[in-house]
Amino acid sequence: MSEQTATRGTGRHAAIPTQRSGRSRAPLSENKKAERRLGWLLCAPAALVMLAVTAYPIIYSVWLSLQRFDLRFPDQREFVGLENYVTVLTNQFWWTAFGVTALITVVTVAVELVLGMGLALIMHRTLVGRGIVRTAALIPYGIVTVVAAFSWRYAWTPGTGYLANLFSDGAPLTERASSLAIIMLAEIWKTTPFMALLLMAGLALVPEDLLKAASTDGATAWQRFTKVMLPVMKPAILVALLFRTLDAFRVFDNIFVFTAGGNETSSVSMLAYNNLIRGLNLGIGSTMSVLIFITVAIIAFVFVKLFGTAAPGSSDDERR
Amino acid sequence: MATETTTRAKLRWGLLDVIVVVFALIPVLWIASLSFKTPATLTDGKFVPREWTLHNYRTIFETDQFVRALVNSIGIALIATAIAVVLGAMAAYAIARLDFPGKRLLVGVSLLIAMFPQVSLVSPLFEIERQLGLFDTWPGLILPYITFALPLAIYTLSAFFKQIPWDLEKAAKMDGATQGQAFRRVIAPLAAPGLFTTAILVFIFCWNDFLFAITLTSTEQARTVPVALSFFTGESQFEDPTGAICAAAVVITIPIILFVLFFQRRIVSGLTSGAVKG
């Protein structure tokens with residue numbers, strides 16, 4: 001593109017030679033170099049901040065995870081190799097938290113995919129009140145998670161809440177199964193709209209004539225959905241699933257407000273937080289950080305394998 | 001575009017619309033209802049308050065705890081948003097318009113960061129910020145917010161930038177503008193709607209954060225509202241914090257509701273262009 005610009009620029013120059021400075025008349029390779037330099041220059045600050053706040057701390061946390069380092073007993077700090085990893089990986093609290101996190105991730109993402117698809121179809125195809133639906137659906141996305149969590153918590157608190165009174169069988173937030181169900185409900189409420197928005201972007205790519213053609217050929221609504229829409233939407237679905245899976249795996253805010261990790265409802269994030277801030281144990285906390293990072297990396301890797309070439313960014317250049 | 005705009009189809013869609021609206025609004029209305037209840041009726045379990053009062057709002061604005069947190073929240077979110085949008089705009093411009101090696105790498109890295117488990121940073125950042133004296137300060141929160149807002153900003157903005165007509169930039173350069181001038185004088189004003197949308201999304205992200213705010217602060221000096229809310233319970237000076245928590249929750253929900261009401265279309269296009277079109 002810039003080559004064209006340069007040649008056309010110089011072409012014009014021939015007509016009015018005195019007015020232009022020498023820069024645009026410089027050889028093409030100079031121009032190319034300048035473009036590269038500008039590109040790097042413009043990206044450098046963003047890249048530096050992102051690396052400084054993620055890459056360096058991750059490396060540092062690997063280093064911390066190899067030490068016995070408890071802020072309550074700072075003089076006992078020493079290098080212990082993989083001892084922390086053995087401690088964490090043989091600890092039943094870790095595996096319980098891991099199981100809880102995995103359960104929440106799988107259940108919420110699966111439910112959100114179904115509900116999100118429904119919501120996306122409504123937002124995309126509704127004949128009346130499209131603006132209202134889209135506005136309403138954005139509210140859960142925008143609301144501060146902690147605010148929504150308090151709302152749900154009070155709704156389920158016996159005495160205060162309308163929901164607790166509806167299903168009057170004691171205090172649901174004091175039992176494990178019902179607590180987990182409520183945590184998942186709150187997560188689903190909060191993030192389904194985001195899923196739906198991503199899916200709606202995929203729906204917008206489905207050609208209208210294709211749907212019409214299918215319906216003229218006698219395809220039922222269900223057939224149009226599975227045979228026409230879903231294949232076109234596949235990349236959007238995968239992106240939505242990837243984003244939501246990794247996001248669900250980080251579940252923290254809701255659990256903090258609902259149970260603070262009591263009754264064995266800790267997620268891995270909650271457990272790492274408790275070890276760090278409540279326990280002030282930097283060694284164990286960092287070990288958990290590293291383990292969570294590795295788990296997420298594995299999930300992302302599996303998804304990217306599934307994506308193939310459809311990964312966002314990889315198709316960035318040929319899109320326009 | 002609709003072929004069968006019959007009354008029945010409209011009714012059916014209308015019913016679905018109502019379900020969606022109710023689904024989305026119930027928790028918000030519920031916490032608003034709680035915030036207007038008097039202490040005596042707070043535990044009646046009714047969805048609509050029997051007696052209305054502004055007592056809870058008066059209480060929270062009279063206490064330092066909430067006002068300080070609100071100032072922190074607004075200040076931190078605004079500064080982080082401003083920096084993230086500026087840095088993001090620079091990078092997005094380069095990605096959308098310039099050809100340089102390492103472009104794909106940057107796009108890839110920012111995608112990785114968008115999916116990064118934030119909790120993995122909690123322990124190391126806690127220790128690093130303690131050593132650097134950033135713990136429990138505004139910059140200590142602004143830095144991670146910028147980092148996690150940047151991928152969002154870069155994706156959204158580069159999608160917007162790609163929609164801006166090339167010819168204008170060419171024309172500007174023909175008139176003797178440099179790349180940098182073309183950016184500042186021609187592209188930036190055209191990109192203003194995109195910048196604005198991105199700013200809203202980034203602001204919502206910063207406004208929402210709980211994990212960093214609770215791990216990287218310890219006092220009112222930098223504690224944001226979501227964290228302050230969870231500290232109203234127990235150790236606070238309020239007799240029953242429920243009403244106060246709800247009132248504070250409503251206060252920090254108001255900007256979000258306003259954004260959503262006024263900029264619904266932009267938020268939708270920003271979120272979807274950023275996440276899917278890449």
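**Exercise 1: Chain A at a glance**

Among contacts in chain A between residues at least 6 apart in sequence, find what percentage joins residues at least 24 apart.

*Solution.* Start with the term: two residues are in contact if their C-beta atoms, placed from the backbone, lie within 7 Å. With that rule, 67% of the chain A contacts spanning at least 6 positions join residues at least 24 apart. Next, note that this is a predicted model, in which local features need pLDDT of at least 70 and side-chain atom pairs count only at pLDDT 80 or more, while totals for chains, interfaces and linings use all residues. Residues are numbered from 1 along each chain as its sequence is written, and chains are lettered from A and ligands numbered from 1 in the order in which they are written.

Now the elements: chain A has 13 helices and two strands, where helices (H or I, at least four residues) and strands (E, at least two) are DSSP runs, numbered from the N terminus. Of its 320 residues, 41% are buried. A residue is buried if 20 or more other C-beta atoms lie within 10 Å of its own, exposed if 12 or fewer, and partly exposed in between, with C-beta atoms placed from the backbone.

**Exercise 2: Chain B at a glance**

How many helices and strands are there in chain B?

*Solution.* Chain B holds 11 helices and zero strands. Read from the N terminus, its elements go α-α-α-α-α-α-α-α-α-α-α. Buried residues account for 52% of the 278 in this chain. Of the chain B contacts with a separation of 6 or more, 75% are between residues 24 or more positions apart. Along its principal axes, the C-alpha trace spans about 70 × 70 × 30 Å.

Finish with confidence: pLDDT (the predictor's confidence in each residue, from 0 to 100) has a mean of 84 in chain B, with 94% of the residues at 70 or more.

**Exercise 3: Where the chains meet**

Which helix gives the most residues to the side of chain B that touches chain A?

*Solution.* First, count the partners: 94 residues of chain B and 93 residues of chain A take part in the contact. On the chain B side, helix α11 (residues 241-277) gives the most, with 18 residues. Sorted by class, that side has 64 nonpolar, 21 polar and nine charged residues. For the complex, the predictor gives an ipTM of 0.85 and a pTM of 0.83.

**Exercise 4: The nonpolar core**

Which residues touch the most other members of the largest nonpolar core?

*Solution.* A nonpolar core is a set of buried Ala, Val, Leu, Ile, Met, Phe, Trp, Tyr and Cys residues joined through C-beta atoms within 7 Å. The largest one has 174 residues, and Ala91(B) and Ala149(B) touch the most other members. Helix α3 (residues 64-97) of chain B supplies the largest share of this core, 17 residues. Beyond its neighbours within four places in sequence, Ala149(B) contacts Ala80(B), Ala84(B), Val202(B), Phe205(B) and Cys206(B).

**Exercise 5: Single residues**

Is Ala120(A) buried or exposed?

*Solution.* Locate Ala120(A) in helix α4 (residues 92-125) of chain A. Ala120(A) is buried, because 26 other C-beta atoms lie within 10 Å. Not counting residues up to four places away in sequence, Ala120(A) touches Ala196(A), Leu199(A), Met200(A) and Leu203(A).

Now compare two loop residues. Most residues other than glycine have a negative phi. Leu280(A), in the loop between α12 (268-278) and α13 (282-307) of chain A, has a positive phi near 55 degrees. Asp136(B), in the loop between α5 (119-132) and α6 (138-163) of chain B, has a positive phi near 65 degrees. Leu280(A) is partly exposed, with 15 other C-beta atoms within 10 Å, and Asp136(B) is partly exposed with 17.

Methods:
Nonpolar A, V, L, I, M, F, W, Y, C, P; charged D, E, K, R; others polar.
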